[in-house]
Amino acid sequence: MAPQADTLRSTAMTAPAPSADRPDLPSWVLIAAMLLSLLATQYSHMFSIDPVRAVPAVLAMAALGAAMVTGRRTARPRLAAGATAFLQMTLFTVLGVVLAYALAAQSGALWDQRLAAADRAIGFDWPVVLRLLDMAPAVIWLLGLAYHSLTVQMVVVIVCLSALSKFDTLRTAVCAAILSGFVTILISGLTPALGNLFDPSHYRHLWPSVAWVEQGLIAGLRDGSHHVLDLTMLMGIVSFPSFHATLAAIFIWAFRAIPRLSVPGSAWAILTIIATPVFGGHYAVDVIMGLILAPPAIIVANRLTRRRPSPQSVGAVLPA
């Protein structure tokens, strides 16, 4: 029995820690960097927040924080991982949108002409594409619902990965989303654009794109008239690169870890990418650049969140 006990003790000392112990620190560091970037932009353009409309966001983050702490203190790793992921994505969304607003408020000349020229250079004839799409109302509904379901996809990914104890995949996906989102926001500050606009009144079935709806918001940010933030109505205004496309590509990678959702989830995200230019009001080059950003974001996030052996476990395998 003694040799067996020694073997068990040796195995316990050298076995890797459970994946639930994988650190969340990289995502928190990225969120802190976004907060510092936002504070830096406030020196030249100060926003105020409607306190009443901030209450739902504050309560939601407080509830998620409480769930995260409860999960950790009661040794419920799935609750802790899911709550942490939701809290990080909520903080990222609020800080990211406000940072994008601040950068848009002090950005220079619009890049729409250059982005439209890039689309023409790669062969995109948007008037033809829009006319053909307007002839297929069923396709419009399918793509429109896919585009506007990105938040639902995020919820499904977080809930399923945490429920299945796929903590490594979950934390890598969240870190990749925050990292790529931060990068797209910073790039958009250097390449501001209204978006690939089309007048929906010229078509029978096409919906107004997000870019069409947000024209007034972007104009208000640029001329300084929009300076009070409603946290219940924050809108993404990044055109180039398309974060919608980047996030959908990250979800395709994440869905692969969920056996029953691998194929339908990936198809769902692919439809979202296809829908992004029309319903988001993006140029084709916005989407292409967004897709290009996804693989390196996943690779970097995977390396950042990789669990490293503790000094104790390393010492345990060294000869006496």
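**Pockets and cavities**

The lining of the largest pocket has 21 nonpolar, 16 polar and 1 charged residues. Here Ala, Val, Leu, Ile, Met, Phe, Trp, Tyr, Cys and Pro count as nonpolar, Asp, Glu, Lys and Arg as charged, and the others, Gly among them, as polar. The pocket holds about 1,100 Å³ of space. Of its 38 lining residues, Thr93, Val97, Met235, Gly236 and His244 are closest to the centre. H4, H8, H9, helix H10 (210–213) and H12 each give two or more residues to this lining. H4 gives the most, with 8 residues.

The model is predicted: local features need pLDDT of at least 70, side-chain atom pairs count only at pLDDT 80 or more, and totals for chains, interfaces and linings use all residues. Residues are numbered from 1 along each chain as its sequence is written, and side-chain values use heavy atoms, with hydrogens and water left out.

Some terms need their cut-offs. On a 1 Å grid over the protein atoms alone, a cavity is a set of points where a 1.4 Å probe fits but cannot get out, and a pocket is an open set with protein on both sides within 12 Å along at least five of seven lines; lining residues have an atom within 4 Å of a point. Grid points are joined across faces, edges and corners, and a volume is the space filled by probe spheres set on the points. Helices (H or I, at least four residues) and strands (E, at least two) are DSSP runs, numbered from the N terminus.

The second largest pocket holds about 160 Å³ of space. Its lining includes Leu38, Gln42, Val94 and Leu231. H4 again gives the most, with 3 residues. By class, this lining has 9 nonpolar, 1 polar and no charged residues.

The whole structure has 2 cavities of 30 Å³ or more. Helix H4 (77–105), helix H9 (167–190) and helix H11 (215–223) each give two or more residues. H4 gives the most, with 3 residues.

The second largest cavity has a volume of about 60 Å³. Its lining has 10 nonpolar, no polar and no charged residues. Among them are Met89, Met154, Leu247 and Phe251. H9 supplies the largest share, 4 residues.
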